[in-house]
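Hi,

Here is the model I said I'd pass on. Have a look at it first, and my notes come after.

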Amino acid sequence: SYVGIDPGLSGGIAVIDESYCDITSMPPTERDIWDWLRGHDLSNTFAVIEKVGGFIQGNPSPGSAMFKFGWNYGGLRMALVACSIPFEEIPPQRWQKALGISPRGKTESKGQFKNRLKAKAAQLFPSVKVTLYVADALLIAEYCRRKRTGTL
């Protein structure tokens, strides 16, 4: 199976394979993340986690918010290690380009861009109720599937 992780506190996690899809908005605690991941068959699984930098784009957050974000990111990485899931970190521009998603336009608001990502996820996963929380995770999981199966 293939795991996609959007590590933001308003992000999500998706597990997909050829006939299966399970999604969740970001679980609130490390234990919840661990329990959710372990609730899946993780044999022959690979994950992609969105690589994040030292700041949240467009968010002049105080240091405490950045510390919490980094803590959550590290917890997600550790959950993958603890579940013996190999993973790769990919910047958003790479998975978006690979899936044919053009970059955010100069006149496009962040909300408009996020809705465009949500629409792409809904197109690729028509039987899934896609929300803004899980759209990126689904797209990252699809990127992971295509890369691992050589269909990119």
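First, the ground rules. This is a predicted model, where local features need pLDDT of at least 70 and side-chain atom pairs count only at pLDDT 80 or more, while totals for chains, interfaces and linings use all residues. Residues are numbered from 1 along each chain as its sequence is written, and side-chain values use heavy atoms, with hydrogens and water left out.

The sheet: five strands make an open sheet with mixed pairing, in the order β3-β2-β1-β4-β5. At the edges are β3 and β5 (87-90), each with a single partner strand, so one side of each has no neighbour in the sheet. On average, neighbouring strands are turned by 15° against each other, direction ignored. Strands count as paired if DSSP finds at least two bridges between them. Angles run from 0 to 180 degrees between N-to-C directions, with axes as lines fitted to C-alpha atoms, for helices over the stretch in contact.

Going through the pairs, β1 (residues 2-6) is antiparallel to β2, with five bridges, and the two form a hairpin with five residues between them. Next, β2 and β3 (residues 20-25) run antiparallel and are joined by six bridges; the hairpin here has two residues. Strand β2 (residues 12-17) is mostly covered, with five of its six residues buried (buried is under 20% relative accessible area, exposed over 50%, partly exposed in between, with a 1.4 Å probe and protein chains only).

Helix α1 (residues 30-38) lies across β2 and β3, at about 10° to β2. Helix α5 packs on the sheet and touches β1, β2, β3, β4 and β5, its direction making about 140° with that of β1. Contact means heavy atoms within 4.5 Å.

Then there is α4 (residues 110-124). Its buried residues include Phe113, Leu117 and Ala121. These cover an arc of only 85° around the axis, which puts them on the same side of α4 (the arc is that of the directions from the helix axis to the C-beta atoms). What covers the buried residues of α4 includes α3 (92-98) and α5 (132-149).

Which residues does Tyr143 touch, not counting those up to four places away in sequence? They are Val48, Ile90, Arg94, Trp95, Ala98, Leu99 and Leu152. Tyr143 lies in α5 and is buried, at 2% relative accessible area.

Last, Glu108 sits in the loop between α3 and α4 and counts as buried at 16% relative accessibility. Its side chain makes a polar contact with the side chain of Arg116 at 2.8 Å, and one of its polar side-chain atoms lies 3.0 Å from the backbone nitrogen of Gly105. A polar contact is a pair of N or O atoms within 3.5 Å; within protein, one must be able to donate a hydrogen and the other to accept it, and residues adjacent in sequence count only if both atoms are side-chain atoms.

Cheers

Key
Helix = DSSP H or I, 4+ residues; strand = E, 2+ residues; numbered from the N terminus.
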